[in-house]
Amino acid sequence: MKDLLKLILIFVLGGFISAAFILLNLNPIISFAVLVVLLPSVTYYTSKRVVYVKEKQEKNEMDFTNISKKLANSSKDIYMSSNKLYDLSKEIYSLSDEITVLSDKDNANIKSIINEIETIMSKVLDIMKSAQDAKDFSNNCIRDIKENEDSIRNSRKNFDDLIDVYKNFSKVRMSLLHHPKRFMR
């Protein structure tokens, strides 16, 4: 009968701890993990204590007040441990938020750098294309000049001859204007 009462006490204690986790808004996974570790530990510890108490009781009728004090100390330790676990879980949650914010900033910075690199690459490709176009145009001009070099020389010679003819014509005209009788014979 005493063993049954102690087992019921363990389940009630587990229920109180679960309720405390729910009231404290702890993450369900953390609550489950704590209970999975805590309840078997309490069960083991309590059952170990029950065996120990029975042995003591059989040997020299141990004082039950000491046992209740030890159980109270154990529950106090469990309570303090759960508070520490709660504080640690809050700290982990806070740090995970900070890590998320920092990783989001890093991702945004990396995307910005990638965009800048893509823009620079595009401009470099445009410059390379323009340089190639200028080179091709220059080569075409040089080829055209070489192909038309004789034609340009002939045109220049013809232009020089035309200038000479015009100069001679101007001289003759001037002479005619100044001495018209000389040419009228």
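Modeller: Start at Arg156, which is exposed, with a relative accessible area of 58%. Keep in mind that this model is predicted.

Biologist: Which cut-off makes a residue exposed?

Modeller: Exposed means over 50% relative accessible area. Arg156 has 58%, so Arg156 counts as exposed.

Biologist: Which side chain does Arg156 meet in a salt bridge?

Modeller: General idea first. Side chains of opposite charge can pair when their charged atoms come close. Here, Arg156 pairs with Asp160, at 3.8 Å from N to O. Asp160 is partly exposed, at 33% relative accessibility.

Biologist: Where do Asp160 and Arg156 lie?

Modeller: Both sit in helix H4, residues 149–178. They are four residues apart, about one turn of the helix.

Biologist: What separates Asp161 and Lys157 in helix H4?

Modeller: Four residues, so about one helical turn. Their side chains form a salt bridge, 3.3 Å from N to O. Salt bridges with shared partners also link Arg143, Asp144 and Glu147 into one network.

Biologist: How far apart are the closest N and O atoms of Arg143 and Glu147?

Modeller: They are 3.6 Å apart. Both residues belong to helix H3, residues 64–147, and are four residues apart. Arg143 is partly exposed at 41%, while Glu147 is exposed at 54%.

Biologist: How many salt bridges does the structure hold?

Modeller: Seven.

Biologist: Now a loop. Where is Leu24?

Modeller: Leu24 is in the loop between helix H1 (2–23) and helix H2 (28–60). Its relative accessible area is 35%, so Leu24 is partly exposed. Compare sequence with space: Leu24 and Tyr86 are 62 residues apart in sequence, and 8.3 Å apart from C-alpha to C-alpha.

Notes. Residues numbered from 1 in each chain as written. Predicted model: local features only at pLDDT ≥ 70, side-chain atom pairs only at ≥ 80, totals over all residues. Heavy atoms only, no water. Helix = DSSP H or I, 4+ residues; strand = E, 2+ residues; numbered from the N terminus. Buried < 20%, exposed > 50% of the residue type's maximum accessible area, 1.4 Å probe, protein only. Salt bridge = Lys/Arg side-chain N within 4 Å of Asp/Glu carboxyl O.
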